[in-house]
Amino acid sequence: VHWQNLPIALYPDENGTIYSGSVVAADWQSQPALVAVYTCHKDEGNGAYSETQCLAVSTDGGHTYDKFEANPVLRSSECDFRDPKVFFYEKTKRWVMPLAVKNRVEFYTSKDLIHWRFESRFSNGQKEVLFECPDLCRVRVEDSETYKWVLLVSVNGAQKQLFGVQY
């Protein structure tokens with residue numbers, strides 16, 4: 001309800017411009033912290049670019065962040081590799097990261113937010129679109145004790161006038 005405008009907490013560096021990501025509450029080096037997992041977008045010249053996933057840690061409630069010295073924590077040969085949405089899945093005791101990669105979503109897991117392992121991918125076959133900002137959440141089925149996983153993804157298909165969110 002009440003918001004306060006604070007100074008910028010993350011600035012571009014040698015890894016690139018700071019793009020979207022997510023922040024999770026985690027134990028970091030035996031202390032409670034907020035860990036930002038975000039995309040760094042780097043212009044490589046002549047219209048080429050690369051995108052990697054990086055970490056920054058806040059121990060003061062998100063007012064300031066220190067970038068992880070071993071950034072990036074996840075790389076790809078794909079140029080469109082962005083928008084990590086990280087959450088902890090209690091059943092497996094692992095962090096889960098859906099990530100937009102061109103026209104698909106890739107899923108990674110980690111025990112420590114630093115070392116990531118590819119698990120699987122999803123694509124609906126639309127080649128002319130670019131997926132962005134995926135989110136994976138559990139939703140309770142109405143009038144039931146059953147839950148289902150729902151994947152949401154923003155769709156950018158400028159050439160075909162395809163925009164919106166799919167699930």
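A few ground rules come first. Residues are counted from 1 along each chain as its sequence is written, and side-chain values rest on heavy atoms, with hydrogens and water left out. Since the model is predicted, local features need pLDDT of at least 70 and side-chain atom pairs count only at pLDDT 80 or more, while totals for chains, interfaces and linings use all residues.

The pockets make a handy starting point. A pocket here is an open set of points on a 1 Å grid over the protein atoms alone, where a 1.4 Å probe fits and protein lies on both sides within 12 Å along at least five of seven lines; lining residues have an atom within 4 Å of a point. The largest pocket comes out at about 220 Å³, a volume being the space filled by probe spheres set on the points, which are joined across faces, edges and corners. Its lining includes F87, Y89, T92, R94 and W149. Strands (DSSP runs of E, at least two residues, numbered from the N terminus) β6 (87–89), β7 (94–101) and β8 (104–110) each supply at least two lining residues, and the largest share, three residues, belongs to β8. Sorted by class, the lining has seven nonpolar, two polar and two charged residues. (Ala, Val, Leu, Ile, Met, Phe, Trp, Tyr, Cys and Pro count as nonpolar, Asp, Glu, Lys and Arg as charged, and the others, Gly among them, as polar.)

One of the lining residues, T92, sits in the loop between β6 and β7. With a relative accessible area of 38%, T92 is partly exposed, a label for values between buried (under 20%) and exposed (over 50%), using a 1.4 Å probe and protein chains only.

The second largest pocket has a volume of about 160 Å³. Among the residues lining it are W28, Q29, D66 and K67, and β3 (48–58) and β4 (66–67) each give at least two. This lining has three nonpolar, four polar and three charged residues.

Strand β3 also holds Q53, which counts as buried because its relative accessibility is 0%. The side chain of Q53 makes a polar contact of 2.9 Å with that of T39; such a contact is a pair of N or O atoms within 3.5 Å, where, within protein, one must be able to donate a hydrogen and the other to accept it, and residues adjacent in sequence count only if both atoms are side-chain atoms. Beyond its neighbours within four places in sequence, Q53 is in contact (heavy atoms within 4.5 Å) with residues including P72, L74 and R82.

R82 itself belongs to β5 (residues 81–82) and, at 8% relative accessibility, is buried too. Its side chain has polar contacts of 3.0 Å with the side chains of E51 and E132.

What about the nonpolar cores? A core is a set of buried Ala, Val, Leu, Ile, Met, Phe, Trp, Tyr and Cys residues joined through side-chain atoms within 4.5 Å. The largest one has 20 residues, and W28, V35 and M97 are among those with the most contacts inside it. At least two residues of this core come from each of β1 (17–28), β2 (31–45), β3 and β7, with β7 giving the largest share, four residues. M97 touches V37, L74 and W116, among others, leaving out residues up to four places away in sequence. A second, separate core of 11 residues includes V105, V129, L151 and V153.
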